[in-house]
Every structure is written in structure tokens, then in C-alpha cells.
Amino acid sequence: MKTLVRAAPNHGYGIAQHIQSVSADALRIGEGSLYPALQRLLVNDWVVAEWGVSESNRKARIYNLTAAGRKRLAEERRTFDAMILAIGRVMEA
């Protein structure tokens, strides 16, 4: 979801490429993981999708984060930050 906040509405391949790029190739999301995840986001009304055209002039489903998705992202971010802090404490102990 964070990719949709930073990079604006995008199609699946574009989302995967953005994640790979901003992670300096450390994270690569395969189609078998990405599209089921996008479908779960759609089912939960955290994203909406509409048909559009990609940069390569191909028909593509464009995903956009909803207000509910932004709220969920904030919740997930707080949980993630708390987990990272806890892991840091364990590693320092």
C-alpha cells in the first residue's frame, strides 16, 4: 500500500518495479505474490482498481489507495515500527 501512496496510482507490474527499485533490488515481488495481495486489498476496500493504459500502451488494471487503505496503512506502520523497536531491543540485550 505504501507504494501507492508514494508513487501514485499504478498497475501491478509498475508496483512491483517500484518496490524493486526503492529497495535497491533487495525485494522482488513475483506475480504469484503480487496479484493475490492486490486482490485481498480490493476485497477489503483498501484499494480500488479501474482499467487504464500502461506506459507501454497496454491495457492494465490501475490500483489506487482508498481512505480506508490509508487508515489501514497507518495502523500497519505503527505495528511494524513497534516490532522493529522490539527486535532492536532483543538484539541489543
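Guide: The dialogue below takes up the overall layout, the sheet, the salt bridges and the backbone angles in turn. Please keep in mind that this is a predicted model.

Visitor: Let us begin with the layout. How many helices and strands does the protein have, and what pattern do they follow along the sequence?

Guide: There are four helices and three strands. Read along the sequence, their pattern is α-β-α-α-β-β-α. The C-alpha trace spans about 55 × 30 × 20 Å along its principal axes.

Visitor: What percentage of the residues count as buried?

Guide: Of the 93 residues, 26% count as buried. The protein exposes about 6800 Å², and carbon and sulfur atoms supply 55% of that area. For contacts between residues at least 6 apart in sequence, 39% join residues at least 24 apart.

Visitor: Which residues of helix H2 are buried?

Guide: In helix H2, residues 12-22, the buried residues are Gly 12, Gly 14, Ile 15, Ala 16, Ile 19 and Gln 20.

Visitor: I turn now to the sheet. In what order do the strands lie, and is the pairing parallel or antiparallel?

Guide: As a general idea, strands of a sheet pair through backbone hydrogen bonds, in either a parallel or an antiparallel manner. Here the three strands form an open sheet with the order S1-S3-S2, and the pairing is antiparallel. Strand S1 (10-11) and strand S2 (47-53) stand at the edges with a single partner strand each, so one side of each has no neighbour in the sheet.

Visitor: How many bridges join S2 and S3?

Guide: S2 pairs with strand S3, residues 59-65, over seven bridges in the antiparallel sense. Ala 49 stands opposite Tyr 63 in S3, and Trp 51 has Arg 61 of S3 as its bridge partner. In general, side chains of a regular strand alternate between the two faces of the sheet.

Visitor: How should I read the charged side chains, and how many salt bridges are there?

Guide: The criterion is a side-chain nitrogen of Lys or Arg within 4 Å of a carboxyl oxygen of Asp or Glu. By this rule there are three salt bridges. For the charges as a whole, the mean positions of the 13 positive and 9 negative charges are 3 Å apart.

Visitor: Which residues form salt bridges with Arg 72?

Guide: An α-helix has 3.6 residues a turn, so residues three or four places apart point the same way. In this model, Arg 72 forms a salt bridge with Glu 75, with the closest N and O atoms 3.7 Å apart. Arg 72 and Glu 75 both lie in helix H4 (residues 67-92), three residues apart, which is about one turn of the helix. Arg 72 also meets Glu 76 in a salt bridge at 2.6 Å, N to O. Glu 76 and Arg 72 are separated by about one helical turn because they are four residues apart in helix H4.

Visitor: Where is the other salt bridge, and what is its N to O distance?

Guide: The side chains of Arg 77 and Asp 81 meet in a salt bridge at 3.0 Å, N to O. Arg 77 and Asp 81 are four residues apart in helix H4, so about one helical turn separates them. Salt bridges that share partners join Arg 72, Glu 75 and Glu 76 into one network.

Visitor: What are the relative accessibilities of these residues?

Guide: Arg 72 is partly exposed at 29%, and Glu 75 is partly exposed at 31%. Glu 76 is partly exposed at 36%. Arg 77 counts as partly exposed at 47%, and Asp 81 is partly exposed at 36%.

Visitor: What phi does Asn 57 take in the hairpin of S2 and S3?

Guide: The hairpin has five residues between the strands, and Asn 57 takes a positive phi near 65° there. Asn 57 is not a glycine, and its relative accessible area of 66% makes Asn 57 exposed.

Note on methods: Residues numbered from 1 in each chain as written. Predicted model: local features only at pLDDT ≥ 70, side-chain atom pairs only at ≥ 80, totals over all residues. Heavy atoms only, no water. Helix = DSSP H or I, 4+ residues; strand = E, 2+ residues; numbered from the N terminus. Buried < 20%, exposed > 50% of the residue type's maximum accessible area, 1.4 Å probe, protein only. Contact = heavy atoms within 4.5 Å. Areas by Shrake-Rupley, 256 points an atom, 1.4 Å probe, with all protein chains shown as cover. Lys, Arg positive; Asp, Glu negative; His and termini not counted. Charge placed at Lys NZ, Arg CZ, Asp CG, Glu CD. Pairing = 2+ DSSP bridges.
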